[in-house]
Amino acid sequence: SKMFKILSDSLYSDKVMAVIRELATNAYDSHISAGNKNPFLVKLPTAADPNFTVRDYGTGLSQEDMESLYTTYGASNKNNSNDFVGCLGLGSKSPFAYTKSFSTTSYYNGQSYSYIAAMDAEGVPSLNLISVKDTNEPNGLEIKFAVKQYDFNEFTTKAKRIFHYFKVKPIVEGGVCA
């Protein structure tokens with residue numbers, strides 16, 4: 001728990017920038033893995049929907065992979081190829097740099113696995129399976145967490161800065177006018 005708390009809280013000097021970059025990079029990598037050349041989706045927080053959301057249409061993760069990758073630093077499914085940007089197993093836990101809990105839904109082979117990832121006061125992470133349902137949604141992941149209203153503009157500004165450098169730009173919805 002000490003290492004998890006240190007890595008989640010101290011690893012990034014700019015927590016908002018890091019969360020956007022890490023989650024978007026994972027989405028981009030998942031599209032590469034799935035051979036999907038289409039953009040992933042990012043929803044920036046607004047007054048009507050105060051959540052930051054990244055939804056990719058890549059490979060999705062099995063229940064076993066979710067439970068392994070989301071509760072262990074260093075666990076990565078991208079170590080065997082140079083095609084991916086990430087590989088250190090940090091990105092999936094990056095929302096913990098901003099918030100104590102977030103939701104993740106994996107759409108995988110006709111099933112959706114919905115989870116709440118949470119960190120307790122001692123820094124111990126947990127991944128709690130909320131539901132398993134049949135779905136027609138394409139494979140991929142959706143990560144979502146609430147953003148403090150005073151950070152809406154920062155999320156919008158930093159997302160624009162980060163996505164400027166992406167080869168395949170995501171579809172961006174929401175955000176605030178700066």
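Which residue in E6 is the bridge partner of threonine 104? In this predicted model, the bridge partner of threonine 104 in E6 is isoleucine 143. Threonine 104 also has a bridge partner in E4, namely tyrosine 115.

| Strand pair | Sense | Bridges | Partner of threonine 104 |
|---|---|---|---|
| E3 and E4 | antiparallel | eight bridges | tyrosine 115 in E4 |
| E3 and E6 | antiparallel | five bridges | isoleucine 143 in E6 |

**The E3–E4 loop**

Strand E3 covers residues 101-108 and strand E4 covers residues 111-119, with asparagine 109 in the loop between them. The hairpin formed by E3 and E4 has two residues between the strands. In that hairpin asparagine 109 takes a positive phi near 50 degrees, and asparagine 109 is a residue other than glycine. Asparagine 109 counts as exposed because its relative accessibility is 55%, and the cut-off for exposed is over 50%.

**Helix H4**

Helix H4 runs over residues 152-163 and has 12 residues. From its first C-alpha to its last, H4 reaches 17 Å, close to the 16 Å expected at 1.5 Å a residue. The buried residues in H4 are Phe152, Phe155, Thr156, Lys158, Ala159, Ile162 and Phe163. An α-helix has 3.6 residues a turn, so residues three or four places apart point the same way.

The cover over the buried residues of H4 includes helix H2 (15-34) together with strands E1 (41-44), E2 (51-55), E6 (140-146) and E7 (171-174).

Key:
Residues are numbered from 1 along each chain as its sequence is written. This is a predicted model: local features need pLDDT of at least 70, side-chain atom pairs count only at pLDDT 80 or more; totals for chains, interfaces and linings use all residues. Side-chain values use heavy atoms; hydrogens and water are left out. Helices (H or I, at least four residues) and strands (E, at least two) are DSSP runs, numbered from the N terminus. The expected span of a helix is 1.5 Å times one less than its number of residues. Buried means under 20% relative accessible area, exposed over 50%, partly exposed in between (1.4 Å probe, protein chains only). Contact means heavy atoms within 4.5 Å. Two strands pair if DSSP finds at least two bridges between them.
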